[in-house]
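Student: I want to check some structural labels against their cut-offs. Can we go through them one at a time?

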Amino acid sequence: MNDVYCEYIVKRKIGTWGLFCRFFVVMATIFAMFFGFIALQFYGLFGGLLLIYLTYYVFKNTDLEYEYQFISGHLDIDVIFAKKKRKRARKFDIRSVEVFAPLNHEVFKQYGKQDDIRKYKVVDYSSGYPDRDKYAFIVSMGENGIAKVIFEPNEKMVEAIRNYIPSKMPR
């Protein structure tokens, strides 16, 4: 009856490494198709066709979107490849979150210090643009320890999470 549903999609910025890979496979494909066919005939054409598939694979895996779905206490994060294929990245139970706040909040400074036994791993599901508002939360990952999850919810989702776990969100 009191189900809350919010969803939001952010497009991941293509990083320098992704741009380099895209440029490299396109240039290698052009080179292989042109010179390979002249020099090696059928074998060069076959190598070029393999590079076309590699180009498709690189472009598909560097064009990413993250979809956040908050459904009554559960946050699902999906990765969408090239606007065609969806894969569940992670599902979080918000009740197991230790703290939820904006990324630059001072509450995150106490986690991961030298004297703190609980080291955490950072998992980034954000767009990669530095000027956008990012939020983070600390969550237990079972026997893998704890993780700091970074993502970019919209205001409606932040408000829904705030209403669900008000004691774990510092003001």
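Student: Where does Gly73 lie, and why is Gly73 called buried?
Tutor: This is a predicted model. Gly73 lies in the loop between β2 (64-71) and β3 (74-81). Its relative accessibility is 0%. Buried means under 20%, so Gly73 counts as buried.

Student: Which C-alpha separation is given for Gly73 and Asp3?
Tutor: Their C-alpha atoms are separated by 8.9 Å. Along the chain, Gly73 and Asp3 are 70 residues apart.

Student: What is the phi value of Ala82, and what is that of Lys83?
Tutor: For Ala82, phi is near 50 degrees, a positive value in a residue other than glycine. For Lys83, phi is near 60 degrees, again positive in a residue other than glycine.

Student: How do you know that α1 and α2 are roughly antiparallel or roughly parallel?
Tutor: Two packed helices are described by the angle between their axes and the distance between the axes. Helix α1 (residues 16-40) packs with helix α2 (residues 42-62) at an angle of about 165 degrees. Angles over 145 count as roughly antiparallel. Therefore α1 and α2 are roughly antiparallel to each other. Their axes are 7 Å apart. The crossing of α1 past α2 is left-handed.

Student: Which residues make the nonpolar surface patch?
Tutor: Phe23, Val26, Met27, Ile30 and Phe59 make it, with an area of about 450 Å². Helix α1 gives the most, with four residues.

Student: Why is Met27 called partly exposed?
Tutor: Met27 is found in helix α1. Its relative accessible area is 42%. That value falls between the 20% and 50% cut-offs, so Met27 is partly exposed.

Student: What makes Ser140 partly exposed?
Tutor: Ser140 sits in strand β7 (residues 135-140). Its relative accessible area is 41%. Exposed would need over 50%, and buried under 20%. Ser140 is therefore partly exposed. The C-alpha atoms of Ser140 and Phe92 are separated by 9.5 Å, with the two residues 48 apart along the chain.

Conventions:
Residues are numbered from 1 along each chain as its sequence is written. This is a predicted model: local features need pLDDT of at least 70, side-chain atom pairs count only at pLDDT 80 or more; totals for chains, interfaces and linings use all residues. Side-chain values use heavy atoms; hydrogens and water are left out. Patches are made of residues with over 30% relative accessible area and no salt bridge: like charges are joined within 9 Å, nonpolar side chains (Val, Leu, Ile, Met, Phe, Trp, Tyr) within 5 Å. Accessible areas come from the Shrake-Rupley method with a 1.4 Å probe; for residues, only the protein chains shown count as cover. A salt bridge is a side-chain nitrogen of Lys or Arg within 4 Å of a carboxyl oxygen of Asp or Glu. Helices (H or I, at least four residues) and strands (E, at least two) are DSSP runs, numbered from the N terminus. Buried means under 20% relative accessible area, exposed over 50%, partly exposed in between (1.4 Å probe, protein chains only). Axes are lines fitted to C-alpha atoms, for helices over the stretch in contact, and angles run from 0 to 180 degrees between N-to-C directions. Angles under 35 degrees count as roughly parallel, over 145 as roughly antiparallel, 65 to 115 as roughly perpendicular and the rest as oblique. A crossing is left-handed if the near helix is turned anticlockwise from the far one by less than a right angle, and right-handed if clockwise.
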